[in-house]
Structure formats: structure tokens, C-alpha cells
Amino acid sequence: MSGGPRSYRLLHLLPVVAVALLWEGLGAAGIVPENRLPPPSRVLGGLAELISRGLPPGSGLLGHCAASLRRVLGGVGAALAVAIPLGLLLGRSARLRSLAHPFVELTRPIPPLAWVPLAILWFGIGDLSAVFIIFLGAFFPILLNTIAGVLSIERGLVESAVLLGAGRRDLFLKVLAPGATPAIFTGVRIAVGVGWMTLVAAEFTGVKSGYGLGYMIMTARDIQRADQIVAGMLVIGLIGFAIDALIRAAEGRLLRWR
Amino acid sequence: MDLVVEGVEKAFAGVANGARRTILGGVSFAAPAGSIVCVLGPSGCGKTTLLRIIAGLEAPDRGRVLVGEREVAGPQREIGYITQEPTLLPWRTVLHNVELGLEIAGLPGGERREIARHHLELVELSGFDDYYPKQISGGMKQKAALARSLAVGPRVLLLDEPFAALDSQTRNSLQEVLLHVQGCTRTTMVFVTHNVDEAVFLGDTVLCMTAHPAQVGRSVAVGVPHPRDRTGPELNALRKELLAFLAEERQKARAAEAVPRLGRGGRRDACTEWG
């Protein structure tokens, strides 16, 4: 990101502050009932309590974040490790692509959450189930974008490498993988978003360790703490925002050539 | 002979009706070691197909290509290939692009860099090692592509209208760079172009292609020593001869196309009909 002067970026925060103030005002004026949608001040209070006391008491916010992040990174990481090589292969070979087509297109429409019962049957309730479900959600965006990325590489680039003596290995490592990288990044950003969405829903169904942001939000619902529900949602949003910013920074660095 | 092309034929199935159309109708020629053969012909006459077959990117229906007595069966490092659109890898800097073939050959980093730098110097493109392709001009890209091909030391270099997309000043200067390079490396070159000026300025031999199907219509030895005077009487005489040949070919092509278009009523002269 080019990132202009600091003052310019602060200027972008102004509308956010304005919306927060409006929201606060609507609560204070009694137009939005506090027990339905608590105002920002109450949400921040709830957030402070989540950090200091934890929910359930003793289970601090950092622990919830760490557990959720671990699951997302595990699932998305596994998806990257499988989907990128497979996508490069399928992008290169039309025959393999048509062989894989029915499998991909039959599996892809099944929502990751529909796999929850099977995941629990296979892996029990716990991290492995969550990682598996996130893997399924993250897998297809990466796979399809990698294939599209390979297909977008000009034939001339591949041929010039072949004429310089490139074998299969060189072709994959020096032409196909770097050429598909912009599209892979698009896939990863979508995959992380899907992974994050899938995670929270997966955690709603139960976790064994007692940690996880989805689990924390469900606990807040059980004790009727709307402020902590919203605070948990806010944390999820902020982490998602931060991850996306990290990916974009990596993208900007790796794709300087564009 | 460094390169021998013997009776190469190629037909393609049409996309729309599936009827096979003969593109190359038995092309034969030979290029002595260290010579520049220019292949001159109208656009769409199959020059690119010919080069792709010589490069081993496509197989001929009939005939064969020999590079140094060995038949070409697929792409190989002995044959370099430069296209009109430079095919530099956009994610590699100029230097790393030139190193590509050497990297594939497994040369160590230091040696690679040395050879790549030497060839960049040879094509007069020094000082842009760390630039990405998008940051340099079309002419510079072609120089880099030339350096990349030469770096692996090919026996034969094929050039498919490499300077067609450049402005005439840049084209002239790149032609001179190419001659300079050829003087140093003595690489045998097959240079495809539709530009008569370019053909007579560069070629030791100019092959004029006929259209539909393409064959070698005439082979002209240029026989003018370098450096050549672009506007001198020798090149002008050659130019005149080649232009006359091309005009004749166009005439023939038009006449051949006119038959189906005017239907069954036989051939009538389109000019008298509309004039």
C-alpha cells in the first residue's frame, strides 16, 4: 500500500468516529434499546471485562483469540499446502482438469458446516474437527484461483522457458507458480475470510478446550450479555481486518513487478 | 549447413468448418553456419508456423528440420526463439530474465551473473539489471530477450518479426545491434519479416514466400558487404526486385480468392464490374 501521510490516513477514521458517536447518541436518547444493541461505550466496557475477567471467568480474551487463530491458520495452512500444488497441476493439464471437474463441482457446493456431523464422527469434538471444516471452506477458493492463475499465463512465457530447456520442475517453479501468484493471493484472501466465517460457526457447535471466540460469544448469549456479544463480534472483525492488511502487505511486497 | 529445412508441410483444421487448410506447402531451404536468412512474405502466409516447426514447438505433417545434422524432434537449447511480443517473465528483473536459461542449465550464481552481464553488454543494454520488464521500453525488452536467448549459446536463432512493434528509429538501431551481435557470436539466424527494407539490410539471403500455401518462391542472395548503406543503389535495386515479387504474389492471391467469391458464373474481373 502506498500509505499517504499519516494525517490523511487519520482522516479516513473520521467517518468511523462519526458513526460511533451517532450510535452512542441513539442509545443515550433511548431510540435503540441498550439491551438489544448496547452503545459503543458499553461495548468497550464489555471488552475490558472480557480482557480482565474473561468469559467464562478465568478464560481471558487472549486465550480465545489464540485458540481461534490457531484453528484458522491450521485449516487455511493445510488448504494452501494441498490446493496450490494441485491447482498448478490442474491448471497445466487439461486432461487432469476434466478428470477432476466432477469431483470439484460436486464437493464445492456443500457448505463446510454440512461437514460438521461427519467431522465430529471422524475427529470428535475439538480442534481437529474445526481445522478440518476450515480446511474445506478455504480449499476451493485457493484451488480455483490457482487454476485460473495458471490459465492466465501467456503461452509465450511457458514456451520461452521450454525453449531454454526448462523441464517439468523448472516450469512449475520458475514459470507457473510465480505467474499464478497474483491469483493465488486473491484466493488466499477469500479463503481466510471463509475460514474465519466457518470457524465461528464451527465453534458455536461446541469446543472441548473451552476456548474460542465463537464459543465465547455463545457463552455471552447464555448469560444475556449483549455488550459482550457485540464486543466479541468486534474482536472478530478487528482480527479479520488485521489479517487482510497483513496479506495485502505481503502481496505488495511480493508482487512489486506488477 | 547449420540448419536444413526439407519439404516441410503443415495443414490446420479450420475452426469453423473443420476443413483442412494447407499452410505450408513443402518449404525447403538451408542456412549456412553464421549466416542470416531473412524470410520475407505477406502477413498470414505461415511464416510463424514455419518458425514454430523449426523451433520444435510444432511437428510438421511431412518433411523434417535438421540442426547440425540432427533432426529436430522438440524444443531444445540449440535453437533460440524470439517473438514479436517479448516473452520476458514479468516477475523477474532484466538480469534474472537473462539468467533464466543458465539457471535451468544448473550454472552456479556467480557464473550465471557474469555470462548474463556479458550478453547484456553485447546487446547494449547495460545499467538496467534491476529493472522489471514493465519499467523498460519495447526496444529494451527485445534487447533483453535477445540477450536471454544468446546467453545459452544457441546454434540457431529464430526471430519472428522481432522489431515489428517498434518505431522505425528504434527498429533501425536494433537491426544494427543484431548485426553487431551476429558479428561477435556468428550465430546462424533465421529472421522472419514482412518488411522489405529490413530483409535487405540484414539478410545474407532473402527467401520470398508465396502465399496459400507458403513455399519459397524465390531465394535472393544479397551479396552486399556490411556495413550496408540503407539508401545505397545496391539495396535499392534489391528492394525493387523484392517489392515487384511481393506485388505479383498479392495479385495472385487476390485472383485465387476471387473465384469462390464471384460464385459459379466463372471468373470475372472485379475491376471491370465495379469500374
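User: In this predicted model, which residues does B:Leu158 touch, not counting residues up to four places away in sequence?

Analyst: Residues up to four places away in sequence are set aside for this list. B:Leu158 is also among the residues with the most contacts inside the largest nonpolar core. The residues that B:Leu158 touches are B:Leu51, B:Ile54, B:Ala55, B:Ile79, B:Gly80, B:Tyr81 and B:Val190.

User: How many residues does the largest nonpolar core have, and which helix gives the most to this core?

Analyst: In soluble globular proteins, nonpolar side chains tend to be buried together. The largest nonpolar core here has 130 residues, and A:Ile142, B:Cys38 and B:Leu40 are among those with the most contacts inside it. The element that gives the most to this core, with 14 residues, is helix H6 (residues 127–151) of chain A.

User: Which helix gives the most to the side of domain 1 of chain B that touches domain 2 of chain B?

Analyst: Across their boundary, 13 residues of domain 1 are in contact with 11 residues of domain 2. The domain 1 side divides into nine nonpolar, three polar and one charged residues. With six residues, the element that gives the most to that side is helix H5 (residues 168–185) of chain B.

User: Which elements give two or more residues to the side of chain B that touches chain A?

Analyst: Between the chains, 20 residues of chain B are in contact with 15 residues of chain A. The chain B side has 13 nonpolar, four polar and three charged residues. The elements of chain B that give two or more residues to it are strand E6 (79–82) and helix H2 (94–104).

User: What is the radius of gyration of chain B?

Analyst: Chain B has eight helices and 10 strands. The globule rule gives 19 Å for its 275 residues, and the value for chain B is close to this, so chain B is as compact as a globular protein of that length. The radius of gyration of chain B is 20 Å.

User: How many helices and strands does chain A have?

Analyst: Read along the sequence, chain A follows the pattern α-α-α-α-α-α-α-α-α-α. The secondary structure of chain A therefore comes to 10 helices and zero strands.

User: Is B:Glu161 buried or exposed?

Analyst: B:Glu161 is in the loop between strand E7 (156–160) and H5 of chain B. Its phi is positive, about 40°, although B:Glu161 is not a glycine. A residue is buried if 20 or more other C-beta atoms lie within 10 Å of its own. Because B:Glu161 has 21 C-beta neighbours inside 10 Å, it counts as buried.

User: Is A:Gln224 buried or exposed?

Analyst: A:Gln224 is found in the loop between helix H9 (213–222) and helix H10 (226–254) of chain A. Phi of A:Gln224 is near 60°, a positive value in a residue other than glycine. A residue with 12 or fewer such neighbours is exposed. Because A:Gln224 has 9 C-beta neighbours inside 10 Å, it counts as exposed.

Note on methods. Residues numbered from 1 in each chain as written. Chains lettered and ligands numbered in written order. Predicted model: local features only at pLDDT ≥ 70, side-chain atom pairs only at ≥ 80, totals over all residues. Helix = DSSP H or I, 4+ residues; strand = E, 2+ residues; numbered from the N terminus. Rg over C-alpha atoms; globule rule 2.2 N^0.38 Å. Contact = placed C-beta atoms within 7 Å. Nonpolar A, V, L, I, M, F, W, Y, C, P; charged D, E, K, R; others polar. Core = buried A, V, L, I, M, F, W, Y, C linked by C-beta atoms within 7 Å.
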